[in-house]
Amino acid sequence: LKMCYPDLFMIIFAFIFLLLAAIAQVYIPRYLGNILDALGEEFDPSNTDNRDESMFEVPGFMRNVKLLVLASVAAGVFSGLRGSIFTVVGVSIKVHRRAICHVSERQAYILLLLFDRAASM
């Protein structure tokens, strides 16, 4: 946990983007269902008087299409940001870990040399 502390703010931002991506992804099926409901109600086989109407003139269709596109783009952007930030944090933690292990290996090597000299005297 000590190695994660310098990147704490980045980790917090990554979790915020994780939540925003999850929320955006939850709305995608909702808007898709609203689109299908609007088209299903307008072009019902039992209703024969609205056959000449374009699907773009269906009430609520274009609004839900725009919201679906917005939710999809937002989910993609938030997921990309989350993944990028977690990747940067992971690399940063690896660098910190290697620096700590490298120092420890050098110290161990120096101690072995010192003990080897002391044993040979």
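Predicted model: local features only at pLDDT ≥ 70, side-chain atom pairs only at ≥ 80, totals over all residues.
Residues are numbered from 1 along each chain as its sequence is written, and side-chain values use heavy atoms, with hydrogens and water left out.

**View 1. The protein chain has 2 helices and 0 strands.** Helices (H or I, at least four residues) and strands (E, at least two) are DSSP runs, numbered from the N terminus. Helix 1 covers residues 8-42, and helix 2 covers residues 61-120. Of the 121 residues, 17% count as buried; buried means under 20% relative accessible area, exposed over 50%, and partly exposed in between (1.4 Å probe, protein chains only). The accessible surface comes to about 9,300 Å², with 68% of it belonging to carbon and sulfur atoms. Those areas come from the Shrake-Rupley method with a 1.4 Å probe, and for residues only the protein chains shown count as cover. Among contacts (heavy atoms within 4.5 Å) between residues at least 6 apart in sequence, 70% join residues at least 24 apart.

View 2. A polar atom of the Ser79 side chain lies 2.8 Å from the backbone oxygen of Ala75. Leaving aside neighbours within four places in sequence, Ser79 is in contact with Ala21 and Gln25.

**View 3. Phe15 and Phe86 form an edge-to-face aromatic pair, one of 3 aromatic pairs in the structure.** The centres lie 5.4 Å apart, with 85 degrees between the planes. For the cut-offs, rings of Phe, Tyr and Trp (its six-membered ring) pair if their centres lie within 6.5 Å; planes under 30 degrees apart count as stacked, over 60 as edge-to-face and the rest as tilted. This pair links distant parts of the chain, with Phe15 in helix 1 and Phe86 in helix 2, 71 residues apart. Phe15 is partly exposed at 44% relative accessible area, and Phe86 is partly exposed at 32%.

**View 4. Phe17 and Phe78 form a stacked pair.** Their ring centres are 6.0 Å apart and their planes meet at 25 degrees, so the pair counts as stacked. Here too distant parts of the chain are linked: Phe17 belongs to helix 1 and Phe78 to helix 2, 61 residues apart. Phe17 counts as buried at 18% relative accessibility, whereas Phe78 is partly exposed at 23%.

**View 5. The largest nonpolar core has 7 residues.** Its members are Tyr31, Ile35, Ala38, Val58, Phe61, Leu68 and Ala71. A nonpolar core is a set of buried Ala, Val, Leu, Ile, Met, Phe, Trp, Tyr and Cys residues joined through side-chain atoms within 4.5 Å. Helix 1 and helix 2 each supply at least two residues of this core. Beyond its neighbours within four places in sequence, Ile35 is in contact with Phe61, Asn64, Val65 and Leu68. Another core, of 5 residues, lies apart from this one and includes Ile11, Ala14, Phe17 and Ile85.

**View 6. Asp37 is found in helix 1.** Asp37 counts as partly exposed, at 46% relative accessibility. From Asp37 to Phe61 the C-alpha to C-alpha distance is 9.1 Å, and the two are 24 residues apart in sequence.

How values were computed. Polar contact = N/O pair within 3.5 Å; in protein donor to acceptor, adjacent residues only side chain to side chain.
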